[in-house]
Amino acid sequence: MEILGATLRVCVDDIETAIPFYERLAGGTAMRFEREGVQVAAVGCFLLMSGPEAQLDVLRKVAATIAVKDVDETRQVLEEMGAAVLAGPLPTPVGRNLIARHPDGAVYEYADRSA
C-alpha cells in the first residue's frame, strides 16, 4: 500500500466565503463538487465541506483523507492489519474511496485517483 499524501477535512458554515481564503492560502483554484447534499471544494491540501448539519456530523468523524495509489490494495492491507472497512470502495468524482476504522478507533477516508 502506497500513501501519496493527506488532505485536511474542514467543515465550514459558508463554503462560498471560505473558498477564496483557502484558494489564496493554498495558492490554487478550488475543484468543486456536490455529494449527497454536501458542497465540497478541494483546494490544495484542504477539503472544505458545507451542508446539512446531520451530514456534517458524520463527516466530522473522519479524521483525514489519505491519498493512496490503489484503494483495493489498501483495503486488503487494512483488513490484514485489523482495521474495519466501514464503507467502500465507492466511486468518487476523481476515483474511488473507502472509509476504515483503525484498531485504535480512528476513522479515515482512503482515496485513489483511478479512472
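The following paragraphs lead from the overall fold of this predicted model to its cores and then to a few individual residues.

Because the model is predicted, local features are described where pLDDT is at least 70 and side-chain atom pairs count only at pLDDT 80 or more, while totals for chains, interfaces and linings use all residues. Residues are numbered from 1 along each chain as its sequence is written, and side-chain values use heavy atoms, with hydrogens and water left out.

The protein chain contains 3 helices and 8 strands, where helices (H or I, at least four residues) and strands (E, at least two) are DSSP runs numbered from the N terminus. Followed along the sequence, these elements come in the order β-α-β-β-β-α-β-α-β-β-β. The radius of gyration of the protein chain, taken over C-alpha atoms, is 14 Å, close to the 13 Å that the globule rule gives for 115 residues, so the chain is as compact as a globular protein of that length; the rule itself is 2.2 Å times the number of residues to the power 0.38. Along the principal axes, the C-alpha atoms fill a box of roughly 45 × 30 × 25 Å.

Of the 115 residues, 36% count as buried, a word that here means under 20% relative accessible area, with exposed meaning over 50% and partly exposed lying in between (1.4 Å probe, protein chains only). The protein chain exposes about 6700 Å², of which carbon and sulfur atoms supply 54%; these areas come from the Shrake-Rupley method with a 1.4 Å probe, and for residues only the protein chains shown count as cover. Among contacts (heavy atoms within 4.5 Å) with a separation of 6 or more, 48% are made by residues 24 or more positions apart. The chain carries 11 positive and 17 negative side chains, and the centres of the two sets lie 1 Å apart; Lys and Arg count as positive and Asp and Glu as negative, whereas His and the chain ends are not counted, and each charge is placed at NZ of Lys, CZ of Arg, CG of Asp or CD of Glu.

In soluble globular proteins, nonpolar side chains tend to be buried together. A nonpolar core is a set of buried Ala, Val, Leu, Ile, Met, Phe, Trp, Tyr and Cys residues joined through side-chain atoms within 4.5 Å, and in this chain the largest one has 11 residues, namely Val10, Val12, Ile15, Ala18, Ile19, Tyr22, Ala30, Ala41, Val43, Phe46 and Leu48. Helix H1, strand S3 (38–43) and strand S4 (46–50) each supply at least two of its residues, and the largest share, 4 residues, comes from H1. Leu48 is in contact with Val10, Ile15, Ala18, Ile19, Tyr22, Gln39, Val40, Ala41 and Val43, leaving aside its neighbours within four places in sequence. A second, separate core of 8 residues includes Leu78, Ala83, Leu98 and Ala100.

Met81, in the loop between helix H3 (71–80) and S6, is exposed at 60% relative accessibility, and its C-alpha atom is separated by 8.3 Å from that of Pro103, 22 residues apart along the chain.

The last stop is Tyr108, in strand S8 (residues 107–112), which is partly exposed with a relative accessible area of 22%. Not counting residues up to four places away in sequence, Tyr108 touches Val62, Ala63, Ala64, Ile66, Leu98, Ile99, Ala100 and His102. The C-alpha atoms of Tyr108 and Leu98, 10 residues apart along the chain, are separated by 8.4 Å.
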